[in-house]
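Please walk me through this structure in running text.

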Amino acid sequence: MKESISKDEGDQAQIDIWNYVCGFTSMAVVKCAVDLGIPDVLVNPMTLSELSSALNCSPSALYRIMRFLIHRGIFKETVNDNKDQLESIIYAQTPLSKLLIKNGANSMVDLLLLETSPVMLAPWLSLSARALADDASSFQAANGEDLWRYAAENPAHSKLIDNAMGCMARITVPAILDHHPEVFEGITSLVDVGGGNGTALSILVKACPWIKGINFDLPHVVSAAPHYDGVEHVGGNMFESVPKADAVFIMFYMTGTTKSV
Ligand SMILES: C[S@@+](CC[C@H](N)C(=O)[O-])C[C@H]1O[C@@H](n2cnc3c(N)ncnc32)[C@H](O)[C@@H]1O
């Protein structure tokens, strides 16, 4: 039976489809803001003229980028009655733009840089491969190998992952410590399995100095990890064995990707 679509439904569909066709723009423009360093430079409110000089950017291109970002609540503007557009618009931060400051409190920059990398976007563009094949992840279909093998062979991508995981750890671990500090009472040693570059443990042992931290991850990850007091880095494969400790801590932001390591 033919299903009838009302004119209103058809019209709405014509509008909605544009959100899908142009869905990539939100991510692209936010990445552009981070790459240009707009949130880092805009510490105090600035005119378009001041901002474009500080960033060494074309004012007209910057104006259009800022319009998009303001529309999404990333930055805000006030307009004064100066006839010169370069001087009449004053831009300022919002709570959202502050999360895009490099090294800022609760910064999401490192995670954004990972997720907007061509390597991480490619699997999404071949998501259908996941449905068509039982054994290959879409990451593997797009990039030729498992994420962790790929990272082992591509140190720049590995660093992007480690930094992004550190960014998550800086948000998650203080929340765990705030809400459930009792979890860490009576533990003298703790192994973080898949602990990345050790950011999570570094925060944990600082807050709970009675704990000896063992950061366990793949050899290529721990060999590039910075030194943290109270944290020992150990390289290995968690599917074979993990170092002994009173407790195991596992925090995985991405799932389903470690199968073949
Ligand atoms: C999604 S990250 C999680 C990082 C960190 N726990 C966090 O949430 O911030 C997964 C980590 O597991 C590590 N990993 C993957 N396969 C592993 C394996 N077989 N043995 C040990 N670590 C592994 C990766 O190198 C990566 O650092």
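Helices (H or I, at least four residues) and strands (E, at least two) are DSSP runs, numbered from the N terminus. The model is a predicted one, in which local features need pLDDT of at least 70 and side-chain atom pairs count only at pLDDT 80 or more, while totals for chains, interfaces and linings use all residues. Residues are numbered from 1 along each chain as its sequence is written, and side-chain values use heavy atoms, with hydrogens and water left out.

UniProt, in an unreviewed entry, places the feature "domain: O-methyltransferase dimerisation" at residues 18-102; its positions are given in the numbering used here, feature names are shortened, and annotations may be inferred rather than shown by experiment. Over residues 18-102 the chain is 59% helix and 12% strand, and the end C-alpha atoms of this stretch are 32 Å apart.

Helix α2 covers residues 24-36, 13 residues in total. From first to last C-alpha α2 reaches 18 Å, close to the 18 Å expected at 1.5 Å a residue, where the expected span is 1.5 Å times one less than the number of residues. Val 29, Val 30, Ala 33 and Val 34 of α2 are buried (under 20% relative accessible area; exposed is over 50%, and partly exposed in between, with a 1.4 Å probe and protein chains only). These residues cover an arc of only 145° around the axis, so they sit on the same side of α2; the arc is that of the directions from the helix axis to the C-beta atoms. The buried residues of α2 pack against α3 (38-41), α5 (59-71) and α8 (109-115), with contact meaning heavy atoms within 4.5 Å. After α2 comes Gly 37, with a positive phi near 80°.

A nonpolar core is a set of buried Ala, Val, Leu, Ile, Met, Phe, Trp, Tyr and Cys residues joined through side-chain atoms within 4.5 Å. The largest has 22 residues, and Ile 38, Leu 51, Leu 62, Met 66, Leu 69, Phe 75 and Tyr 91 have the most contacts inside it. At least two residues of this core come from each of α2, α4 (48-55), α5, β3 (89-92) and α8. A second, separate core has 15 residues, including Ala 169, Leu 201, Ala 247 and Phe 249. In soluble globular proteins, nonpolar side chains tend to be buried together.

Glu 87 belongs to helix α6 (residues 85-88) and is partly exposed, at 30% relative accessible area. Leaving aside residues up to four places away in sequence, Glu 87 touches Thr 47, Ser 49, Asn 80 and Asn 82. With Ser 49 there is a side-chain polar contact of 3.3 Å (a pair of N or O atoms within 3.5 Å; within protein, one must be able to donate a hydrogen and the other to accept it, and residues adjacent in sequence count only if both atoms are side-chain atoms).

The loop between α7 (95-98) and α8 holds Asn 103, and Asn 106 lies in the loop between α7 and α8 as well. Most residues other than glycine have a negative phi. Phi is positive, however, near 60° in Asn 103 and about 55° in Asn 106. Asn 103 counts as exposed because its relative accessibility is 78%, while Asn 106 is partly exposed at 46%.

Asn 237 is found in the loop between β6 (231-235) and β7 (247-250). With a relative accessible area of 18%, Asn 237 is buried. A polar atom of its side chain lies 2.9 Å from the backbone nitrogen of Phe 239.
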